[in-house]
Amino acid sequence: TYTCINEYTKAIQYLDKALQINNDFLYANYNKAYSYNQLRKYDKASPILNKLIKLYPDFDKSYYQLALCLSEKDKSGDDNYKEIINLCDKFISFHTDDYLGYILKGMTQYDNNEHKEGKNNYIYGNSISPYFSPLNKEIYELWKTIRLMPFSMDIVNLFNQTRIYTATLTKNDHYINNDLKKYIIDIKNKYKSESKSNNGGW
């Protein structure tokens, strides 16, 4: 399908044709909402996802996509924050071993000053991620060698760096380690210059 090759606008055109036949068709609605999320058209995605949750309450992916949609639109506001957390919890209830729900929940909590809970969920999500676990091992081994940070889990903030994550997909171990060394040195300098780094930051 067009969603598989990131042709989201074309995907929506064909999904609309399917929905003309059956407006409640689960996968056509979900893929349309997913495509709108990828296009950052969150106002169009959210009503579709709300509809799916009412029609198909056991379809887990709708909860995560709606949480992601609301998170990208605006994390602020007590009601919005609670809804995102509730949606993440619902998604996690279907898949306790899926890292996505924990990471989004952790980031949302942290952005709303629940630093301890947010950090714990974020770290746990990364620890069970099939994508981040190999990188986590590389970082930990590098940390043991150069001893730049007081706690190994402090360097979990590396997972937010697209450059480092991309390195794991495109480079061999030698170049990954070189990238990590450079970035960790940058982090060390940042920690020296920012007082907030010692007050529960990532």
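User: What pattern does the chain follow when it is read along the sequence?

Analyst: In this predicted model, the chain reads α-α-α-α-α-α-α-α-α-α. The secondary structure comes to 10 helices and zero strands.

User: How much of the chain counts as buried?

Analyst: Of the 202 residues, 42% count as buried. Buried here means under 20% relative accessible area.

User: And how many of the contacts join residues at least 24 apart?

Analyst: Taking contacts between residues at least 6 apart in sequence, 50% join residues at least 24 apart.

User: Let's look at a helix pair. What makes H4 and H6 roughly parallel?

Analyst: Start with the angle. Helix H4 (residues 61–73) and helix H6 (residues 99–111) pack at about 25°, and their axes are 11 Å apart. Angles under 35 degrees count as roughly parallel, and therefore H4 and H6 are given that description. As for handedness, H4 passes H6 in a left-handed crossing.

User: Which residues make that contact?

Analyst: From H4 come Tyr64, Ala67, Leu68 and Ser71, while H6 brings Leu100, Gly101, Leu104 and Thr108. Sorted by type, the residues in the contact of H4 with H6 are five nonpolar, three polar and no charged.

User: Now H6 and H7. Why is H6 called roughly antiparallel to H7?

Analyst: The axes of H6 and H7 cross at roughly 155° and come within 7 Å. The cut-off for roughly antiparallel is over 145 degrees, so H6 is roughly antiparallel to H7. The crossing of H6 past H7 is left-handed.

User: What kinds of residues are in the contact of H6 with H7?

Analyst: They divide into eight nonpolar, seven polar and three charged. Among them are Tyr102, Ile103 and Lys105 of H6, together with Glu117, Lys119 and Tyr122 of H7.

User: Where is Leu100, and why is it called partly exposed?

Analyst: Leu100 is in helix H6. Its relative accessible area is 29%. Buried means under 20% and exposed means over 50%, with partly exposed in between, so Leu100 is partly exposed. Leaving out residues up to four places away in sequence, Leu100 touches Tyr64 and Phe91. The C-alpha atoms of Leu100 and Tyr122 are 9.3 Å apart in space, and the two residues are 22 apart in sequence.

User: Which residues touch the most other members of the largest nonpolar core?

Analyst: Those are Leu49, Leu66, Ala67 and Leu87, out of 23 residues in that core. Helix H2 (26–38), helix H3 (42–55), H4 and helix H5 (78–94) each supply at least two residues of the core. As background, nonpolar side chains tend to be buried together in soluble globular proteins.

User: What is Leu66 in contact with, leaving aside its neighbours within four places in sequence?

Analyst: Leu66 is in contact with Ser46, Leu49, Asn50, Ile53, Glu83 and Leu87.

User: How do you know whether Ser46 is buried or exposed?

Analyst: Ser46, which sits in helix H3, has a relative accessible area of 9%. The limit for buried is under 20%, so Ser46 is buried. Setting aside residues up to four places away in sequence, Ser46 touches Leu66, Cys69 and Lys73. Ser46 and Leu66 are 20 residues apart along the chain, with 6.0 Å between their C-alpha atoms.

User: What about Arg40: buried or exposed?

Analyst: Arg40 lies in the loop between H2 and H3. With 59% relative accessibility, and exposed meaning over 50%, Arg40 counts as exposed. Arg40 also has a positive phi of about 65°, although it is not a glycine.

User: Which class does Asn113 fall into, buried or exposed?

Analyst: Asn113 is in the loop between H6 and helix H7 (115–128). Its relative accessibility is 62%, and the cut-off for exposed is over 50%, so Asn113 counts as exposed. Phi of Asn113 is near 70°, a positive value in a residue other than glycine.

Notes:
Residues numbered from 1 in each chain as written. Predicted model: local features only at pLDDT ≥ 70, side-chain atom pairs only at ≥ 80, totals over all residues. Heavy atoms only, no water. Axes fitted to C-alpha atoms, helices over the stretch in contact; angles between N-to-C directions. Helix = DSSP H or I, 4+ residues; strand = E, 2+ residues; numbered from the N terminus. Parallel < 35°, antiparallel > 145°, perpendicular 65-115°, else oblique. Left-handed = near helix turned anticlockwise from the far one by under 90°. Contact = heavy atoms within 4.5 Å. Nonpolar A, V, L, I, M, F, W, Y, C, P; charged D, E, K, R; others polar. Core = buried A, V, L, I, M, F, W, Y, C linked by side-chain atoms within 4.5 Å. Buried < 20%, exposed > 50% of the residue type's maximum accessible area, 1.4 Å probe, protein only.
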